[in-house]
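Dear colleague,

Please find below the sequence and the structure that I am handing over to you. My findings follow directly after them.

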Amino acid sequence: MKKISTAAIATGFALCASVITVKAGDPSRGGQAGATELLINPWAVSSGWAGANSSCTQGLEAQFLNVAGTAFTPKTDIILASTDYLDGSDIHLSAFGITQHVGASSKDNSAGGALSLSIISMNFGIIPVTTFDNPDGGIGTYNPQFINIGVSYARNFSDQIHGGITAKLISESISNVSAFGVGIDAGIQYVAGKQKQVHFGISLKNVGPQMAYSGDGLALETALPNGTITGNNAQMTVQQRSQAYELPSLVNIGFGYDFYLKNDSSSHSQHRITVAGNFTSNSFTADEEMLGVEYAYKSFFMARVGYDYQDNVTQALSIDPLLGGRTTAFTGPCAGITLQAPFGKSHSIFGVSYSYRATNPYNGCHTIGVRVTLK
C-alpha cells in the first residue's frame, strides 16, 4: 500500500506539473496575477543561492521552496528573519516560523513527520493619503500590510521519499480596502545514494481560487440623475467591483548532488560541496533557471553563491515584456553565509545567516536570519 500511495502521489504531481508547464512562461500574462509577495523568499539560507536548493532544502526554510523538506526536522526548528527588500525602497519583510517533529522518535529521521507554522509580514512604511482634491497629502497617512500565514504537514514515506502539503492564508490590506485568499503548496523530495548525496524534488506552489479587493475605499459618491423622486442634486454612494486576480502559481523542479571531501586522518567527511539546480515554470511570468553551489565545513560554517537566470536578465530594465529587456529588478547573482555553533548535551544548533541578492535599480536585497534547531 505504501508503494501504491507513493506512486499515486508522484503521478499526481507529474500531471499537475505538465498542466501548468504547458501554460507557463508567458510574460504577456504578468499583469493577470496578484499576490506576488508569495514569490518573495523571506529566508536567509535558501535566498543566498537563488532558491536553487529546492531539491535538498531541509527544516523550516523548506516550507517556501519545497515543503517536503520540513519532514527532515530532527525535533524543533525555529527561525526569525528580516529582509530589507530592494534597499532604498523602504519595503521590509519580517518572518517567523517553527517546525516540530511529530509521530515516531525524532532520532529516527526516516519515520514520523513534521508540523510547521510560518508568519510573513510585508511592510511598506508610512504613506501619505492623497486624493483628487488634496494631491499633495496633508490629510493623514496609511500603512499597507501584506501578511501570509502558512500551516504545513510533511512526512517521511520511506528513507528515500518525503512529501508534504501547505495551506496558506493570504491577506492584503490598506485602511479601507482589503483582499483575502487561500492557497495550497505541495511537494515531494527523493533522496538516494550511500551517503544520501543524490537529491531530486518537485513542488507545486500557490494554487488556489481568485482573490478580489473590497471595502469602503471602492465606494464612490455621485449625484442622482435629475428628475428622480429624491429631487435634484441628491447624492448616492456607488460600490465599485474590483476585478478578481489569480495567484502566481508555479512548479519547481530541482536536482542536487553532495560531494564529500574526507581528511587523510579521518574517515568522517568534514567538508561538503553541494551543487544544485532548479527550474521554475511560472504561470504568469517568464520561466527561471537557478544554479547554486554551497560549501560547508562540518556544521559550523557554510558559504553559498547562486544565479537566477531569466530571459533578458542581462539587459536593461523594461516595463513592457513584449518589447524585450529585463522585466525584474533582480539581475541574477546571489550569495550568502551561515555561522553555526552547537549547544547543550543534545548538540542543538544556534546559527546566524545572511544573504544578498543583486538588483538594479535599488541597492539589492539583504536578509538576515537567526535559527535555533533543537535535537
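Thr70 sits in the loop that connects α3 and β1. This residue counts as buried, because its relative accessibility is 0%, and the threshold for burial is under 20%. Leaving out residues up to four places away in sequence, Thr70 touches Gly59, Leu60, Ala62, Gln63, Thr99, Ala114, Ser116 and Ala154. Please bear in mind that this is a predicted model.

Overall view

The protein chain contains three helices and 18 strands. It has 375 residues, of which 43% count as buried. Among contacts between residues at least 6 apart in sequence, 58% join residues that are at least 24 apart. The accessible surface of the chain comes to about 18,800 Å², and carbon and sulfur atoms account for 61% of that area.

Nonpolar cores

Which residues of the largest nonpolar core touch the most other members? They are Ile40, Trp43, Tyr85, Leu86, Leu93, Ala95 and Met122, out of 17 residues in this core. Two or more residues of the core come from each of the elements α3 (62-65), β1 (76-85), β2 (91-102) and β3 (113-123).

Backbone details

The peptide bond from Asn360 to Pro361 is cis, with an omega near 10 degrees. Pro361 belongs to the loop between β17 (348-359) and β18 (365-374).

Ala50 is not a glycine, yet it has a positive phi of about 65 degrees. This residue is found in the loop between α2 (44-48) and α3. Asp90, which is not a glycine either, also has a positive phi of about 65 degrees, and its place is in the loop between β1 and β2.

Are Ala50 and Asp90 buried or exposed? Ala50 has a relative accessibility of 10% and therefore counts as buried. Asp90 has a relative accessible area of 53%, and because exposed means over 50%, Asp90 counts as exposed.

Enclosed cavities

How many cavities of 30 Å³ or more are there? The count comes to two. The largest cavity has a volume of about 180 Å³. Its lining is made up of 17 residues, and those closest to its centre are Phe64, Ser118, Ile120, Asn148 and Lys168. The elements α3, β3, β6 (145-156), β7 (161-173) and β9 (198-207) each give two or more residues to this lining. Of the elements, β6 gives the most, with three residues. By class, the lining of the largest cavity has seven nonpolar, six polar and four charged residues.

The second largest cavity holds about 30 Å³ of space. Glu37, Leu93, Ile120, Ser121, Met122, Phe146, Ile147 and Asn148 line this second cavity. At least two of its lining residues come from each of β3 and β6. The lining divides into five nonpolar residues, two polar and one charged.

The largest pocket contains about 1,400 Å³ of space. It is lined by 45 residues, of which Cys56, Gln58, Arg272, Ser299 and Met302 are the closest to its centre. Strand β13 (residues 269-282) provides the largest share of this lining, namely five residues. The lining of the largest pocket comprises 14 nonpolar, 20 polar and eleven charged residues.

The second largest pocket has a volume of about 1,200 Å³. Of the 48 residues that line this pocket, Leu39, Glu288, Gln310, Thr328 and Phe330 lie nearest its centre. The elements that each supply at least two lining residues are α3, β12 (250-262), β13, β14 (288-297), β16 (330-343) and β17. Strand β16 gives the most to this lining, with four residues. By class, the lining of the second largest pocket has 26 nonpolar, 17 polar and five charged residues.

With kind regards

Definitions and conventions:
Residues numbered from 1 in each chain as written. Predicted model: local features only at pLDDT ≥ 70, side-chain atom pairs only at ≥ 80, totals over all residues. Heavy atoms only, no water. Core = buried A, V, L, I, M, F, W, Y, C linked by side-chain atoms within 4.5 Å. Buried < 20%, exposed > 50% of the residue type's maximum accessible area, 1.4 Å probe, protein only. Contact = heavy atoms within 4.5 Å. Areas by Shrake-Rupley, 256 points an atom, 1.4 Å probe, with all protein chains shown as cover. 1 Å grid on protein atoms, 1.4 Å probe; cavity = no way out; pocket = protein on both sides within 12 Å on 5 of 7 lines; lining within 4 Å. Points joined across faces, edges and corners; volume = space filled by probe spheres on them. Nonpolar A, V, L, I, M, F, W, Y, C, P; charged D, E, K, R; others polar.
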